[in-house]
Every structure is written in structure tokens, then in C-alpha cells.
Amino acid sequence: MGAGLTRIMDGSSLRWKKGFIHVDEMAPLNPNKGLFSANIYLQTPSSSPLLDIWPLNIQSRWDWYRNAVLLSGLSSQDAEAQARLRHVLGEPHRIEAGPGDLILLCV
């Protein structure tokens, strides 16, 4: 497994008020490996200090292909694709985050 993904989001460049639905890894889920993600919150907006997670549960190539049109929106900042994802995926799991919090994910 590699070192992981590095991304700094300072908030000033965010296009989406509700956040941008995306994935850090496009491969189907595998119980033996994945991409490690560590989210460290240095500052959080007072209006919505949340991390939203949608449990996609894509475990096979067939799952991926069957949902390819919807899932392609996970790598696009297209407004229509983002709206479609929010509609189809429903309500996310919400994790509250504050300054200094560390949230670890294996995706």
C-alpha cells in the first residue's frame, strides 16, 4: 500500500457549499488492501464542520459497471453529476469534525 493521498483544502477555493462528492480511490472494495486517508482538520467552517461519507459498497467490477454512469460523477465537478449523486445516494453518514481532529479512512 502506498503512502496515501495528500490534499489541502483551505475552504477559499471550494466551489460546492455542501462539499464535493468524490472518491479517493476508484477501485472496487477489497478487504485485503485499500488507500489510506488521514483527514486532519486545522480549521473548520462554523456553518458545517462535517465530513459526509456515503457507503457505496462497490465490491466487484460488475457492481462498478452496473453503476458506471452514476459513479463517473465521483471524478467530475459537473453540477448536474453532483446533483444526481446527492439525489441517488441519499443521506450520508455525518461525522462531526473540529479543529485538531484526525479522521482515518481506508477506502
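Is Glu80 buried or exposed? Glu80 is exposed, with a relative accessible area of 56%. The model discussed here is predicted. Its protein chain has three helices and four strands, and three salt bridges are counted in it.

**Overall fold**

- From the N terminus on, the order of elements in the protein chain is β-β-α-α-α-β-β.
- Contacts in the protein chain with a separation of 6 or more come to 78% from residues 24 or more positions apart.

**Surface and burial**

- The protein chain has 107 residues, of which 21% count as buried.
- The accessible surface of the protein chain is about 8100 Å², and carbon and sulfur atoms make up 55% of that surface.

**Salt bridge between strands**

- Side chains of opposite charge can pair when their charged atoms come close.
- Arg94 and Asp52 form a salt bridge in which the closest N and O atoms are 2.8 Å apart.
- Arg94 belongs to strand β3 and Asp52 to strand β2 (residues 50–53), so this pair ties together parts that are 42 residues apart in sequence.
- Asp52 counts as buried because its relative accessibility is 18%, under the 20% cut-off.
- Glu96 also lies in strand β3, which covers residues 93–96.
- The C-alpha atoms of Glu96 and Asp52 are 8.8 Å apart in space, although 44 residues separate Glu96 and Asp52 in sequence.
- Glu96 counts as exposed because its relative accessibility is 67%, over the 50% cut-off.

- Arg66 pairs with Asp63 in a salt bridge, with 2.7 Å between the closest N and O atoms.
- Both Arg66 and Asp63 lie in helix α1 (residues 61–66), and their spacing of three residues is about one turn of the helix.
- Asp63 is buried, with a relative accessible area of 16%, whereas Arg66 is partly exposed at 48%.

- Glu80 and Arg84 both lie in helix α3 (residues 79–89), four residues apart, or about one turn of the helix.
- Arg84 has a relative accessibility of 31% and therefore counts as partly exposed, while Glu80, at 56%, is exposed.

Conventions
Residues are numbered from 1 along each chain as its sequence is written. This is a predicted model: local features need pLDDT of at least 70, side-chain atom pairs count only at pLDDT 80 or more; totals for chains, interfaces and linings use all residues. Side-chain values use heavy atoms; hydrogens and water are left out. Helices (H or I, at least four residues) and strands (E, at least two) are DSSP runs, numbered from the N terminus. Buried means under 20% relative accessible area, exposed over 50%, partly exposed in between (1.4 Å probe, protein chains only). Contact means heavy atoms within 4.5 Å. Accessible areas come from the Shrake-Rupley method with a 1.4 Å probe; for residues, only the protein chains shown count as cover. A salt bridge is a side-chain nitrogen of Lys or Arg within 4 Å of a carboxyl oxygen of Asp or Glu.
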